[in-house]
Every structure is written in structure tokens, then in C-alpha cells.
Amino acid sequence: MAKSESGKEMLATGKVKFVCGDGREGWKEGGPYDAIHVGAAAREEHKVLVEQLRAPGRMFIPVGDWSQYIWVVDKGVDGTVKREKAFGVRYVPLTDAPRLVLG
């Protein structure tokens, strides 16, 4: 981002922020979010991500191992959650965080 003038500006103003962490846990400090897009296939929906959605809010999450589908998760104004299996996709897997192995 720091290579372009517009990217430098977004970083300087805080419009864009990079966070390193376990994506399965979301980023509670930045929420609640209007929308969440999960960029790797989870084995299951992560409830902590739904909790971080604003009401109303929408999440797109690919779910599955070999057979994957985008699930659209909508949180209504009253906090009710509706899930819809939308269409088949192929994403890389959402994996465990790397672990430090001491020899």
C-alpha cells in the first residue's frame, strides 16, 4: 500500500489498517462491522464472527472441506440471524495459526 500516493494516504489517515492475528477469531477491537468477508474456507461458521457483525450486518463465509459453499449470514436490526447457502466455491482452507516449535 505504501507504494502509491493513495495507499500512503489511506494508511496515514487510518482508513486502512493491517492486523496480524487468527482470522477465525475476527478482530473484536475494530467491530462491530457492517460486513465481513472471510477469505478462506472454514470447516464451520465461527460464531465469534457473527457476534462481531453490526445489526443489521452481513457476512460472506466459504464453508466446507472438499465441497465448499458460500454462506450468506444476515444479522437483522433486532439481532436475529438468518443463514443462506448461496453457491459452490473453491477457497484455500482456513487453517490453524502457526505454532512455534522449540527443539
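Trainee: Where is M1 found?
Mentor: In this predicted model, M1 is found in the segment before α1 (5–13).

Trainee: Why does M1 count as partly exposed?
Mentor: Its relative accessibility is 40%. Buried means under 20% and exposed means over 50%, so M1, at 40%, counts as partly exposed.

Trainee: What makes M1 part of a nonpolar patch on the surface?
Mentor: A patch residue needs over 30% relative accessible area, and M1 has 40%. M1 forms the patch with M10, L11 and F18, and together they have about 370 Å² of accessible area.

Trainee: Let's turn to the sheet. In what order do its strands stand?
Mentor: The order is β1-β2-β3-β4, in an open sheet with mixed pairing. β1 (33–37) and β4 (81–89) each have a single partner strand, so they stand at the edges, with one side left without a neighbour in the sheet. On average, neighbouring strands are turned by 10 degrees against each other, direction ignored.

Trainee: How do you know that β1 and β2 pair?
Mentor: Pairing takes at least two bridges, and four bridges join β1 to β2 (residues 53–63), so the two strands pair; they run parallel. Across this pairing, I36 stands opposite M59 in β2.

Trainee: Which residues make up the largest nonpolar core?
Mentor: There are 10 residues in all, including I36 and M59. The elements that give two or more residues to this core are α2 (47–51) and β2, and β2 provides the largest share, four residues.

Trainee: What do nonpolar side chains tend to do in soluble globular proteins?
Mentor: They tend to be buried together.

Technical notes:
Residues are numbered from 1 along each chain as its sequence is written. This is a predicted model: local features need pLDDT of at least 70, side-chain atom pairs count only at pLDDT 80 or more; totals for chains, interfaces and linings use all residues. Side-chain values use heavy atoms; hydrogens and water are left out. Patches are made of residues with over 30% relative accessible area and no salt bridge: like charges are joined within 9 Å, nonpolar side chains (Val, Leu, Ile, Met, Phe, Trp, Tyr) within 5 Å. Accessible areas come from the Shrake-Rupley method with a 1.4 Å probe; for residues, only the protein chains shown count as cover. A salt bridge is a side-chain nitrogen of Lys or Arg within 4 Å of a carboxyl oxygen of Asp or Glu. Buried means under 20% relative accessible area, exposed over 50%, partly exposed in between (1.4 Å probe, protein chains only). Axes are lines fitted to C-alpha atoms, for helices over the stretch in contact, and angles run from 0 to 180 degrees between N-to-C directions. A nonpolar core is a set of buried Ala, Val, Leu, Ile, Met, Phe, Trp, Tyr and Cys residues joined through side-chain atoms within 4.5 Å.
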